[in-house]
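The sequence and the model are shown first.

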Amino acid sequence: MKSANSITTEQGRSTTRSRRWQRGREFRAWQRPALGPMMNLRLAQPDRLIDLSKVAGLDGIDAAGATLRIGARVTHARIEDGGVPGETGAYMKFVATGISYRSVRNRGTIGGSLAHADPAADWPSALLALGGEVVIAGQDGERKMPFDGFQIGPFATGLGYDEILVAVELPQLADGAKWGYYKVNRKPGEFADAIGAVVMGKIRRGLRRDGLGAVPRRRDRAEARRRLDGAFHRRGARHDFRARSGLRRLRTSDTRRGAQPGRREGLRMSEITVTINGETVTENVEPRLSLADFVRDHRRLTGTHLGCEHGVCGACTVLMNGEPVRSCITFAVVADGTEITTIEGFDEDEPMTQLRKAFHENHALQCGYCTPGMLVAARDIVTRLPDADEARVRLELAGNLCRCTGYVGIVNAILQVLEERRGNTGG
């Protein structure tokens, strides 16, 4: 699972690009697909980590003219909620809905996904089929690179050591444009075994694009139409076709530009101020410390449980500024200035009170290990999706694993609360 394309420096947050350029070479030497877990295990201790979350101008969406510009820090959840307009937005909304789980989509960004360059991720293939360019900035200014030349291999891109991805520029699909996107995976939210995408519209006359895995393939209109005409509907997808993935594994021994992995004396501490369950606290923490470890070990709020520790099981889910996030893959320093609510902080919360009662009545817990994260996810469902049916509830719960109940009692409890809330509002 991938969170936002941002961390922190030991001296505070980088709020200008120029500071980012000065530190770029040192940071890029440590950039690895598993940097977060490696730091958590103290197997990687880079000199500096850079937080891009406060850099201005990276979270805008500009739909003026024939080109759509989307900032690198626009989240998957914002795209899922319709933040991108037009037919291009409809295509991207469909793709975003299938990326991981809502608590990950609330933090994960389109720029972070593209820069990470995981061939099993959604955006590299989806945007490859759409066409367009990535906007890259460095000390020498901005430059643009076509999507079909940006990802040069698994976890490898055309970014220089002193550059960052700041935006993507996409064509505006005409009304009535046709597109298809299908991801082959075992369950909703998982990384793909293979991805297929086709876009047909008035972007380039007589020619259309499709993508298989992370490799571009160009098709003429007749071939693209043949693929779409033979497709079938599945799980709400407009079109379906299968693709095989022939991707090489990343060589973890790569030490580009003289990087020297290994132990260091340690990172300096960073001061953070966080409001947790209504109480504002200020503490010094290591930049490598996860939010889950911070609330458990520093604040003794052990209702937040740790299971997989890489964003899959959902046991660590908490609210950050009112939105569910995976605390095991969110660094504590990123929570600086935010409001965090753990399971201990919902005593006066009406939706949570209703859910706790319904969980009890429907036998929706047994061992209880998944229950704190399950309740936080359930609260998000009943408040964000008041009209959700059983199928949507099950889809939203795909990111919270339970090995006791079989989910029947959990689903019934959530449906009961949804019905109660609809009755109370006259729906």
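Axes here are lines fitted to C-alpha atoms, for helices over the stretch in contact, and angles run from 0 to 180 degrees between N-to-C directions. The model is a predicted one.

With axes defined in this way, α11 and α12 pack at about 120°, their axes lying 10 Å apart. That angle makes α11 oblique to α12. From α11, the contact takes in Pro351, Met352, Leu355, Arg356 and Phe359, and from α12 it takes in Thr371, Met374, Leu375, Val376, Ala378, Arg379, Val382 and Thr383. By class, these are nine nonpolar, two polar and two charged residues.

Helix α11 (residues 350–361) also packs against helix α14 (residues 408–424), at about 135° and with the axes 8 Å apart. Here too the angle makes α11 oblique to α14. On the α11 side the contact residues are Pro351, Gln354, Leu355, Ala358, Phe359 and Glu361, which meet a set in α14 including Ile410, Ala413, Ile414 and Val417. The contact divides into eight nonpolar, three polar and three charged residues.

| Pair | Angle | Axis separation |
|---|---|---|
| α11 and α12 | about 120° | 10 Å |
| α11 and α14 | about 135° | 8 Å |

The crossing of α11 over α12 is right-handed, and α11 passes α14 in a right-handed crossing.

Helix α12 (residues 371–384) has 14 residues and spans 20 Å from first to last C-alpha, close to the 20 Å expected. Of its 14 residues, 12 are buried, so α12 is largely enclosed by the rest of the structure. Among the buried residues are Gly373, Met374, Arg379 and Asp380. Their cover includes α5, β14, β15, α11, α13 and α14.

Technical notes. Residues numbered from 1 in each chain as written. Predicted model: local features only at pLDDT ≥ 70, side-chain atom pairs only at ≥ 80, totals over all residues. Heavy atoms only, no water. Helix = DSSP H or I, 4+ residues; strand = E, 2+ residues; numbered from the N terminus. Parallel < 35°, antiparallel > 145°, perpendicular 65-115°, else oblique. Left-handed = near helix turned anticlockwise from the far one by under 90°. Contact = heavy atoms within 4.5 Å. Nonpolar A, V, L, I, M, F, W, Y, C, P; charged D, E, K, R; others polar. Expected span 1.5 Å × (residues − 1). Buried < 20%, exposed > 50% of the residue type's maximum accessible area, 1.4 Å probe, protein only.
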